[in-house]
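Thanks, everyone. I'll keep this short and go through one structure. Have a look at the screen first.

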Amino acid sequence: MRQLYHPVIHDASTPVESYWEATAGPPVEGWSPLAGDASCDVAIIGGGYTGLSAALHLARDHGVDVRVLEAGVPAWGASGRNGGFATRGSSKLSYQELLRRFGRDALRHFHATQVESSDLVAALAEEEGFEIDASPKGEVYVAHKPNRMAEMAAERDFQRDVLDQPSEVWSRAELAERAYAGPEAFGALYTPVGFGLHPLKYCRGLAGAAIRRGAVVHGHSKVLKWERQGSRHRLITAGGTVTAGHVIVATAGFTQEGLHPAFNGVLLPVLTNIVTTRPLTQAEREAQGWRTEMVISDSRNLLFYYRLLKDGRFMLGARGGLDASPDGAATMRRWMERRLGEMYPAWKGIETTHFWRGLTDLSADLLPHLGRLPDEPSVSYALAYHGNGVAMGTWAGRYLARDLVGRNDASGSSAPVIMSQPLRRFPMPGLRKAYLRAAYMWFEASDRFL
Ligand SMILES: Cc1cc2nc3c(=O)[nH]c(=O)nc-3n(C[C@H](O)[C@H](O)[C@H](O)COP(=O)(O)OP(=O)(O)OC[C@H]3O[C@@H](n4cnc5c(N)ncnc54)[C@H](O)[C@@H]3O)c2cc1C
């Protein structure tokens, strides 16, 4: 079935030339392409945070015989190349909208799950003994226009009154004192939840831990066909087959249409892009008043996300773009370099060393989704983290693992109602890119003029 974007973005044989790839250290050992016919209890499609967390928890905590099938090398997808914000935000709907639709208890449960998910990331790295280059706790949400400061204050009050979640509003001067100053930074909301990390070190750490704990991981093993064999599933790759009693779908924005009918037309993959500079000197950082390694995003609908990296480079991320071709990538890179100079004038014209992009995924109801297919309970899935799957993908993988062995109730870890709604197909899925184009036009106008 035809994918929505240029094929280059789906080509898992092409390495991602990211800053993370250049600095992650040794690759994962102990995986191999699938060769021949194998069988197992649980087969997982997708070797990112969701699939690898599910594999690690199944193998380590429950002794389940599990195999992961990944089209590229482990961590090839969004999990190896994201901005490294282990923070909240896995629904595209605001907390206010979620409160209106689902009520206070459901929202509190969802929020608590998001907080728990970033704690889980830190705990797993600690338990399994791998490095993730964590940055200081908390996330900063910057008002890109003066009139967004009212939203910051309203959000702080909402978090305090509805969620018992403390947060602080920083004036423009306080933002300059604690983080940075810039012509598109008019103050901020600081929430002490989440942190930044090296996304590829984290994903490779998960993969290594899963393998050490007994999971079998097959890279370069794209599932090309999915058949039923009585009560079992048969997944076919170019090198062999895996027969399993249960399948977990953990393919997020790289989900291949046509593999299983339940996942056709239910996701809208969207491009998100990152550029990094050369290491900035102390004097250059001071010239821009930069004084934090905390993770930061802004109040735009088409948001920018940014952070200072461990070796002094600056990372700027931007959602958006509809053209995944190499030409589209070059245009996006030029635009981001220009915007970097506008938002941080002291760094205008600074050399950038890496640019890359990838797909993340939205659902039709703008909620993250996890669970089992109602008509086929031997298929589980966790998808649609809306560009915030570092922490939530990890949590969702553990949830699916515990669900399979009937341990969620015992651990007190139930799925938030907000994440357990049935998957919905987009109306006329062939028009998904047209919907996105219209949404981007509206976002750009409202970010600029409202
Ligand atoms: C540039 C970028 C920046 C981002 N920044 C952040 C951020 O800062 N914080 C945050 O929380 N989130 C961020 N995200 C989103 C986040 O990375 C994802 O939500 C998360 O990684 C999803 O994890 P996953 O394991 O579910 O899917 P992925 O990591 O995307 O893995 C899915 C895997 O499935 C594989 N696959 C697909 N089809 C098949 C098949 N048929 N057979 C075998 N394998 C298959 C793919 O090769 C892929 O590796 C960003 C995403 C991108 C692209």
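Start with phenylalanine 186. Beyond its neighbours within four places in sequence, phenylalanine 186 is in contact with Ala143, Lys145, Pro146, Arg148, Met149 and Arg172. Contact means that the two C-beta atoms, placed from the backbone, lie within 7 Å. Before I go on, two housekeeping points. This is a predicted model: local features need pLDDT of at least 70, side-chain atom pairs count only at pLDDT 80 or more, and totals for chains, interfaces and linings use all residues. Residues are numbered from 1 along each chain as its sequence is written.

Back to phenylalanine 186. It sits in the loop between helix H6 (172-178) and E6. Helices (H or I, at least four residues) and strands (E, at least two) are DSSP runs, numbered from the N terminus. Arginine 172 is 14 residues away along the chain, yet its C-alpha atom is 4.8 Å from that of phenylalanine 186. Buried or exposed? Phenylalanine 186 is partly exposed, because 19 other C-beta atoms lie within 10 Å. The scale is this: 20 or more other C-beta atoms within 10 Å is buried, 12 or fewer is exposed, and in between is partly exposed, with C-beta atoms placed from the backbone.

Now the sheet. It is open, with 8 strands in the order E5-E6-E4-E13-E14-E15-E12-E16, and the pairing is mixed. Strands count as paired if DSSP finds at least two bridges between them. At the edges are strand E5 (168-170) and E16, each pairing on one side only. From one strand to the next, the twist averages 20 degrees. Axes are lines fitted to C-alpha atoms, for helices over the stretch in contact, and angles run from 0 to 180 degrees between N-to-C directions.

One pair in detail. Strand E4 (residues 139-142) and strand E6 (residues 188-191) are antiparallel, over 4 bridges. Glutamate 139 has threonine 191 as its bridge partner in E6. Helix H5 (residues 149-163) lies across E5 and E6, at about 25 degrees to E6.

Most residues other than glycine have a negative phi. Aspartate 133 has a positive one, about 55 degrees. Aspartate 133 lies in the loop between helix H4 (104-128) and E4. It counts as partly exposed because it has 18 C-beta neighbours inside 10 Å. Histidine 220 also has a positive phi, near 45 degrees. Its loop runs between strand E8 (216-218) and strand E9 (225-229). Histidine 220 is buried, with 20 other C-beta atoms within 10 Å.
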